[in-house]
Amino acid sequence: MEDLLQVKTSSVVNTSVLNQKVLKADLHGCSLTVCKSKCSSYIGLHGLVIQETQNTFELICKDDKIRTIPKASSLFSFAVGEVLFTLRGDHIKYRPGDRSARKFKEKPWTVKDLQYE
């Protein structure tokens, strides 16, 4: 992921270009944390993405259990180097192959998006 985003080599970070790369990236093998979800039992789960479908992530957690997390109404975060990325599940509700060919519009964050339930 660091090679794709070139976080270490960039002295000046262009956030719009970086955001586009993150949205189009294949997240298999990425270490994700669920920050917000409709189901409170998913909040705080941390694991590696082993499968990504159009509507879900399958994470393998530290307790060696596979958990299926819906993308809808969820907020996910992951770190690359020293940079923390936060993704809205509603924005990435596409198959990974379809997402790489899409153009995304940047949508502003609201306070409601970041509030925990």
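In this predicted model, the largest nonpolar core has 19 residues, of which Leu27, Leu32, Phe57, Leu59, Phe78 and Leu87 touch the most other members. Such a core is a set of buried Ala, Val, Leu, Ile, Met, Phe, Trp, Tyr and Cys residues joined through side-chain atoms within 4.5 Å. At least two core residues come from each of α2 (15–24), β1 (31–36), β3 (56–61), β5 (75–80) and β6 (83–88). Helices (H or I, at least four residues) and strands (E, at least two) are DSSP runs, numbered from the N terminus.

Residues are numbered from 1 along each chain as its sequence is written. Local features need pLDDT of at least 70 and side-chain atom pairs pLDDT 80 or more, while totals for chains, interfaces and linings use all residues; side-chain values use heavy atoms, without hydrogens and water.

The protein contains four helices and six strands, in the order α-α-β-β-β-β-β-β-α-α from the N terminus. Of its 117 residues, 32% count as buried, meaning under 20% relative accessible area, with exposed over 50% and partly exposed in between (1.4 Å probe, protein chains only).

Two salt bridges are counted, each a side-chain nitrogen of Lys or Arg within 4 Å of a carboxyl oxygen of Asp or Glu.

| Salt bridge | N to O distance |
|---|---|
| Glu52–Lys71 | 2.9 Å |
| Asp63–Arg67 | 3.1 Å |

Glu52 lies in strand β2 (residues 46–52) and Lys71 in the loop between β4 (66–70) and β5, 19 residues apart. Glu52 is buried at 6% relative accessibility, and Lys71 is buried at 0%. Asp63 is partly exposed at 41%, as is Arg67 at 25%.
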